[in-house]
Amino acid sequence: YDPDIPHREHRLAAYLAEKRRTANVYWVYPTHESGYAVRRKEDGVLEVPVPARYGPLELPSFLIDTPQLRAAFARVFRSSVNLDLSETAVLWYYSPHLSFLSDDTAWDEIVYDCSDDYTTIGWERAGEISRLQHSFRIVRSKLNGGSQDRILENADRVYASSERLHEKLS
């Protein structure tokens, strides 16, 4: 593993950012940073961290998409971040996080590029992790599944990196 080698989705974002026809590429992601700040990276991609905080509480990022918190995060996001969507605006997901963005009608197209199954609890067998960790993973997988379903409902295009994922998403 080399953290300096960009993942496929990072390479795609950088590729799109260098195109003359592309006005902006925003990389929106949940984080444990404390504030909203749009930052331009060297490759031209604009990073937009979304703090996984609710008041003073730091939350696991998948909780942003719970039905109880989704509206609050959407309100704070819209009041804190000004995305320039004056040109053709494509929302491109690579994971089932921040599903509230797919509810916005400003997008000309929504793409879900699924390269992993975020709805599983992992590879460990019973007894290899604690009951608490196992329970936590079950909750995470169910919430990710709900977020993924919400994104799939709004998506215009869906890509899967394997036949198994394709069957699961269909």
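The model is predicted, so local features need pLDDT of at least 70 and side-chain atom pairs count only at pLDDT 80 or more, while totals for chains, interfaces and linings use all residues. Residues are numbered from 1 along each chain as its sequence is written, and side-chain values use heavy atoms, with hydrogens and water left out.

The structure holds 9 salt bridges (a side-chain nitrogen of Lys or Arg within 4 Å of a carboxyl oxygen of Asp or Glu). Helices (H or I, at least four residues) and strands (E, at least two) are DSSP runs, numbered from the N terminus.

Select Asp104 and Arg78, whose side chains form a salt bridge at 3.7 Å, N to O. Asp104 belongs to the loop between β6 (90-93) and β7 (109-114) and Arg78 to helix α2 (residues 67-80), so the pair ties together parts that are 26 residues apart in sequence. Arg78 is partly exposed, with a relative accessible area of 43% (partly exposed lies between buried, under 20%, and exposed, over 50%, with a 1.4 Å probe and protein chains only).

Next, select Asp103 and Arg150, which form a salt bridge with the closest N and O atoms 2.4 Å apart. Asp103 sits in the loop between β6 and β7, Arg150 in helix α3 (residues 131-154), and the pair links distant parts of the chain, 47 residues apart.

Then select Glu109 and Arg157, joined by a salt bridge at 2.2 Å, N to O. Glu109 lies in strand β7 and Arg157 in strand β8 (residues 157-160), so this pair ties together parts 48 residues apart in sequence.

Finally, select Glu33, Arg39, Lys41 and Glu47, which a network of salt bridges links.
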